[in-house]
Amino acid sequence: MDNLTRLLGGPRLWIKRDDCTGLSSGGNKTRKLEFLMAEALAQKADVVITQGATQSNHARQTVAAAAKLGMRCHILLEDRTGNTQFNYTENGNVLLDRLHGATVERRAGGSDMQAEMESVAKQLERAGHRPYVIPGGGSNPVGALGYVNAALELVSQSVEMGLRVDHLVHATGSAGTQAGLVVGLRAMHSAIQLLGIGVRAPREKQESMIYDLACRTWGHMGLAGELRRASVQANCDYVGGGYGVPTPGMVEAVTLLAQTEGLLLDPVYSGKGMAGLIDLVRKGHFAKDQNVVFLHTGGSVALFGYPDAFGLTTS
Ligand SMILES: Cc1ncc(COP(=O)(O)O)c(C=O)c1O
């Protein structure tokens, strides 16, 4: 991203395009779903159940994966923001969930979504189905394997390109992406410094969620040795008013990437992730001769759920 690099006058900035991973309009969930849906098939499931916030990218990609594999999909959408605008509740990801053929149910904010999914699973079992429940964000040791793979891919790409990657930065939410990256980079003794920019929980809670899942993924792979707690770093200073609530930094980041690199971020995750990266560059967090890779985790569909946030709508 040489235009953005020049504009910020800091380290050389790169972007890894996990927004181009296929399955509906792409995103980080494709990598996780490769492993989760394999397990669903192995268990001979005929319907998958998952959950997320109203504008969940995970739900959209799960419905697309189910469609591709000839399975039904039941999604529970939690109202985490209280936003009742039509575009937020019906457009963007929600429109695509329906287009991909999902059964969509809504739940109030604060609901125990795991319990809600399990009760739907019981109903479907009574109706003769074989449901497979996928946790929010696809974040369990099976899903995290998708990002162990991504770490292997990034390191081999950097070797092929002869590029020394110093830092890898991305948005972190349900923790599966960062947990998988921590395990993959550690397993290869990579020196790449990984930083997750939080979009919801405070730092302590976010880091302990990631470390817990990384340790379970490490165990799931049967790897020897231990994971150091210090290998998990998150910065949660860019959450702003809360999950899914726009911030000035996010609006600037989304607009800058659109107008300097022709790229679309999202307002909930990658937009806040990039806002964190830009602010850290401006604060001199990275040395000028370093290479910093931003992992674009997708989500731009959600822009259509937030038309007013960018002050571009006329009516
Ligand atoms: C576009 C996007 N980026 C980042 C994330 C965060 O990834 P994770 O949930 O694995 O922490 C999500 C999660 O839903 C997402 O949809």
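**Close-up 1. Leu23 sits in the loop between β1 (12–17) and α2 (29–42).** Before we zoom in, keep in mind that this is a predicted model. What is phi of Leu23 near? The backbone angle comes out near 55°, and that is a positive value in a residue other than glycine. Is Lys44 buried or exposed? Lys44 has a relative accessible area of 61%, so Lys44 is exposed, given that anything over 50% gets that label.

**Close-up 2. Asn57 lies in helix α3, which covers residues 57–68.** With a relative accessibility of 9%, Asn57 counts as buried. Which residues does Asn57 touch, once we skip its neighbours within four places in sequence? Asn57 is in contact with Asn93, Tyr269 and Gly299. While you have Asn57 in view, look for Ser24 as well: the two are 33 residues apart in sequence, and their C-alpha atoms are 9.8 Å apart in space.

**Close-up 3. Tyr88 and Tyr306 form an aromatic pair, one of 2 such pairs in the count.** A pair of aromatic rings is described by the distance of the centres and the angle of the planes. Here the rings of Tyr88 and Tyr306 are 5.6 Å apart, centre to centre, with 85° between the planes, and the pair is edge-to-face. Where do the two partners come from? Tyr88 lies in helix α4 (residues 86–90), while Tyr306 lies in the segment after β9 (291–296), so this pair ties together parts of the chain that are 218 residues apart in sequence. Both partners are tucked away from the surface: Tyr88 is buried, with a relative accessible area of 1%, and Tyr306 is buried, with 5%.

**Close-up 4. Tyr243 and Tyr269 also make an edge-to-face pair.** Their ring centres are 5.9 Å apart, and there is 75° between the planes. Tyr243 is in the loop between β8 (234–235) and α10, and Tyr269 is in the loop between α10 and α11, so the pair links distant parts of the chain, 26 residues apart.

**Close-up 5. Arg31 lies over the face of Tyr147.** In this view, look for Arg31 at 5.6 Å from the ring centre of Tyr147.

**Close-up 6. Helix α10 (residues 248–260) meets helix α11 (residues 270–282).** Two packed helices are described by the angle between their axes and the distance between the axes. The axes of α10 and α11 come within 8 Å and cross at roughly 90°. That makes α10 roughly perpendicular to α11, because angles of 65 to 115 degrees count that way. Which residues make the meeting? On the α10 side they are Gly249, Met250, Glu252, Ala253, Val254, Leu256 and Leu257. On the α11 side they are Gly271, Lys272, Met274, Ala275, Ile278 and Arg282. Sorted by class, this contact has 8 nonpolar, 2 polar and 3 charged residues.

Technical notes
Residues are numbered from 1 along each chain as its sequence is written. This is a predicted model: local features need pLDDT of at least 70, side-chain atom pairs count only at pLDDT 80 or more; totals for chains, interfaces and linings use all residues. Side-chain values use heavy atoms; hydrogens and water are left out. Axes are lines fitted to C-alpha atoms, for helices over the stretch in contact, and angles run from 0 to 180 degrees between N-to-C directions. Helices (H or I, at least four residues) and strands (E, at least two) are DSSP runs, numbered from the N terminus. Angles under 35 degrees count as roughly parallel, over 145 as roughly antiparallel, 65 to 115 as roughly perpendicular and the rest as oblique. Contact means heavy atoms within 4.5 Å. Ala, Val, Leu, Ile, Met, Phe, Trp, Tyr, Cys and Pro count as nonpolar, Asp, Glu, Lys and Arg as charged, and the others, Gly among them, as polar. Rings of Phe, Tyr and Trp (its six-membered ring) pair if their centres lie within 6.5 Å; planes under 30 degrees apart count as stacked, over 60 as edge-to-face and the rest as tilted. Buried means under 20% relative accessible area, exposed over 50%, partly exposed in between (1.4 Å probe, protein chains only). A charge sits over a ring if NZ of Lys or CZ of Arg is within 6 Å of the ring centre and within 35 degrees of the ring normal.
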